[in-house]
Amino acid sequence: MRINRRGAIGAAVLAFALLATACGSGDGTDPGEGPDISIGAQDFGESAILAEIYRGALESNGFTASVQAVGGFRDLELGAFDSGDVNLAPEYAASMLEFLNGQAGQATGDAQETTDLLNAQLAPIDLVALTPSDAVDTNAFVITKETSDALGITSLSDLASKGADLVLGGPPDCETNPFCIPGLESVYGLDMSATFQPLDAGQITVQALEAGQIDVAILFSTSGIIADRGFVLLTDDRNMLAADNVVPVLSVELRDAYGDAITSVLDEVSSKLTTSDLTAMNKRFDIDTEDADAIAADWLADNGF
């Protein structure tokens, strides 16, 4: 999958959006002295789009900000925080919490409670999570319509009773992620570890599902590919999945340097970001192959930045 890049068209759209909304959220005031802001983007479209949204919102309020690619794994992102290469990143409350606590299963379905638990884990490494958004992106278990019709599977309970021998494909951390194979076993009594095929996220998993190399794919729940390909999203009818709400994570140094000037901008982004926004933007990135910065610019303009 492409990493974030800034095309000339996207830059022009963003510049126009910022000029056109100068009297809106961003007032162009000087936020004061402090470090430049470097926003980490993992190597999937949604992270790149969110990083560009943060960048655009901050720049419209007078900050200097840039986006840096940090690879596809959370330990690389945390390494970039530790080295100072980045000091802000879009994150997911439950997944970040469980990564830091060694998959202890603390995350709940409540976004603020999960974020509070996350902050307890972030404090020792001098990071902090702000207010979570309403936008949620979590693991999604999908099958083809043909498989769904043939086996009568539309939910994870159906999968447990009718599809225990099916082949599951998804990211390598599924084997330890409490919202993946361990969650299926503990909540649904379904052990798919013997048939699991570790795959790179995104298009490779989609191709494997369409080719019949796997029967069940793990995709992001906001992926535009699900509707585009007519896949069946299996209902989590026993509420296994926890609150993977999008939340900005930044260094304590950055927060303290700018105080309310930066937290208020990021909180405003979070207050306006929705799951349906993510789904629509992901379709533009994954299906329509638009650039992350152009997609972000449209969202910023539509939301008053």
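Rings of Phe, Tyr and Trp (its six-membered ring) pair if their centres lie within 6.5 Å; planes under 30 degrees apart count as stacked, over 60 as edge-to-face and the rest as tilted. With that in hand, Phe-44, Tyr-92 and Phe-220 form one aromatic cluster. The model you are looking at is predicted, so local features need pLDDT of at least 70, side-chain atom pairs count only at pLDDT 80 or more, and totals for chains, interfaces and linings use all residues. Residues are numbered from 1 along each chain as its sequence is written, and side-chain values use heavy atoms, leaving out hydrogens and water.

Searching the whole structure gives four aromatic pairs. Here are two of them.

| Pair | Geometry | Centre to centre | Angle between planes |
|---|---|---|---|
| Phe-63 and Tyr-258 | edge-to-face | 4.9 Å | 80 degrees |
| Trp-299 and Phe-305 | stacked | 6.0 Å | 20 degrees |

Phe-63 and Tyr-258 are both buried, where buried means under 20% relative accessible area, exposed over 50% and partly exposed in between (1.4 Å probe, protein chains only). Trp-299 is buried as well, with a relative accessible area of 5%, and Phe-305 counts as buried at 1%.
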